[in-house]
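Here is a short briefing to read alongside the model.

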Amino acid sequence: TRCRLNRTPEATVEILRGAASLEKPPTDEDSSQTSANQIAATPVPPPPPPLAPPLSVACESPRPSGCRTLRLHWSALLSLQSLPRVGRFGLQSIWAGLEPVQLDTNRLEYLFESKSSNSSALCSLMGARQPCVSVLCVKRSNIITIALSSLPPVHLLPPAIYSMDNTVLDREDIQVLQMLVPTEEELNLIKEAKAQAPRSPLGPAEQCLLTLGSVPHLSARLQLWAFTLDHDTLEREIAEPLFHLKLAMEQLAANQTFRCILATVLAVGNFLNGCKAKGFELSYLGKLSQVRDTHGRQPLLHHVCVLLLQLYPQSSDLYTDITAVTKASKCDYTQVQLNLSQLESLCKACWDQLRLLEKDGKKKKSLHQRLTQFLKDCEERLKVLRAVHRRVINRFHSFLLFLGYSRTMVRETSAEVFCKTVSDFALEYRATRTAVLQQKEREKEKHSRNTPKLKTRLQQSPSDMRCPDLEVLFINCKPFFSPREFHLFILMSVYIPPQAHMSLALQKLHVTFPTRESNIRLD
C-alpha cells in the first residue's frame, strides 16, 4: 500500500539531498544502469501544495485572526485629482491636508464585529419582510408624508419642541406641525394596531403621529412658540398703518399746494353757483374731472390746473408731497382694530398655555423664565399700542373737523376712504398738470418757429468814429426770411447828446460815411 506523506516542499527537498549525499559516485555504465533501476523502483513523490497568496496591505493592521467587522459601503476615492494652479481654496484637496487620527482598533472591532449567526438571521428577516402597519386614511397619510419631506427627521422633533429651538424649526415648520397634531382617535388606532402586530414596523405617517403624540401638551407648546415668533409681525401690522395715518395728516396740514387747490376750487365754485360758500366737502375733489366746459369740453380740473400755474407758479404736483397719504390709503383701519383685539386675546391665551406647561415635569427653568419675561413685555407694549391707536384715531377725527366736516360726517368717514379720495385726486391732478405744462411747451415752440428770429452781433464803434459829440452802435444781423442775395445786414444807431455840437457831429458822420457810398438817413 502506498502511503502519502503530508510533507512540505522544504522537507521533501532536504530528504532528497540527504539521500543523494549517502550514495557513492558510480561509474558511467553502473550509474546509468543504477539510475534507471532507481527511477523504475522509486515511487514518484506527490506534487507540492500551492503556495499561500500574498497578504494584502489591509491585513497588516493588528487585528485578531478570524474577526470580521461590518463594512461601510461608501464610494472610496482611490486617487486624488490634481487641482488647478489658481484656486480659491489652496493647491491641495481637503483630503491631502487632513491629519492622521489615532483610533482604538480593539474597541472598534468589538463594537462593529460581524457575527455570522446574526447575519444569517438578518438575511432571513429581510427575506421574509413584514408589511408596514397603516391605519390612517390615504388622504391624511399623503398629507403627512408630503409634510415630512420638508421637516427634520422625526426623532429630532420632540427635543426641538421641548426647547423651542428656532435653529431646528422655523415659523413655516411650526405651521406644518400644527397641521400634523394627532387626535386622540388617531393615537388610539395606532396603538391598537401596534399592540396587535408588535413585530411589524409602522408606516412613516403613523410613526410621525406616534412620535408627536408622545409630547405632552403639543398644541399648547406650538401655539405659544408661534406667538413668540409672530408677535413682532403682528405688532408691526398695527403700528405701521397708525404711523402712516399720523404722517399723512401732518403732510396735508402743512402742504401749501393743497391749500391753493382748495382756495381755487372754492373760488370757481362760488362764481359758478353764484354763492359765497365757506368751504366744501373734500369728496367732491374726485368729481372735478367729470365736470366739463361747454366749448372745448375740457374738464374742470384742467382749468383749475391752468389757474394754479398762473396764480401760483411755485406750486408742486401735490402727489409727491403726500406719500404718506398714499400709503395710508392702502391700509384697512377696521382690520387694524381687529388685529389689536386679536393680539390681546392671543397674549391672554399664551398666559394660560404657559400655566398649563408649568404642570409638566419636563419643563426647563431657563425656558420658562424667558417665556414669562417675554409675555410681560408683550403686555406692556400692548398697553402702549392701545394708547397710540386711541390717540391717532382721535387726532384723525380732529383733523376732519379742521377740514370742515360735521360731527355726523366725522363718525361716518373712515380713514382709508378719506386717504384714498385725496390720494386719487392728487394722482389725477399731477397727470393733468403735466399735460398742461406739455401743452404750454408745444405752444411756445410753435410760436417761436413762426416768429422771425434775428442773429445779431453787437460791435463797438470804430476808432475813427469816437467823438465826444457822437455815440454810435453797430448791429450785424441776418433775418431767417431774408433773400439769399442779402447775406448780412448792418444796422447803425447814432445818438447825439443835447449838449453836443450839432455841426461837428454831422460833419463827422458825413466824413466817415459819404452819402454816395451808404444810404444814411438822419432822423
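How many aromatic pairs does the count come to? The count comes to six aromatic pairs, in a model that is predicted.

**The pair of F227 and F374**
- Because F227 lies in helix α10 (residues 218-254) and F374 in helix α15 (residues 365-402), the pair ties together parts that are 147 residues apart in sequence.
- F227 counts as buried, at 5% relative accessibility, while F374 counts as partly exposed, at 22%.

**The pair of Y405 and F418**
- Y405 and F418 also form an edge-to-face aromatic pair, at 6.4 Å centre to centre and 80 degrees between the planes.
- Y405 lies in the loop between α15 and α16 (407-412) and F418 in helix α17 (residues 415-450), so this pair ties together parts that are 13 residues apart in sequence.
- Both Y405 and F418 are buried.
- Y405 and F418 belong to one aromatic cluster with F396, F399 and F402.

**Helix α14 against helix α15**
- The axes of α14 (residues 333-358) and α15 come within 11 Å and cross at roughly 160 degrees, which makes α14 roughly antiparallel to α15.
- The crossing of α14 past α15 is left-handed.
- On the α14 side, the contact residues include V336, L340, C347, W351 and L354; on the α15 side, they include H368, L371, L375, L382 and H389.
- The residues of this contact of α14 with α15 divide into twelve nonpolar, five polar and five charged.

Terms used:
Residues numbered from 1 in each chain as written. Predicted model: local features only at pLDDT ≥ 70, side-chain atom pairs only at ≥ 80, totals over all residues. Heavy atoms only, no water. Phe/Tyr/Trp six-rings, centres within 6.5 Å; stacked < 30°, edge-to-face > 60°. Helix = DSSP H or I, 4+ residues; strand = E, 2+ residues; numbered from the N terminus. Buried < 20%, exposed > 50% of the residue type's maximum accessible area, 1.4 Å probe, protein only. Axes fitted to C-alpha atoms, helices over the stretch in contact; angles between N-to-C directions. Parallel < 35°, antiparallel > 145°, perpendicular 65-115°, else oblique. Left-handed = near helix turned anticlockwise from the far one by under 90°. Contact = heavy atoms within 4.5 Å. Nonpolar A, V, L, I, M, F, W, Y, C, P; charged D, E, K, R; others polar.
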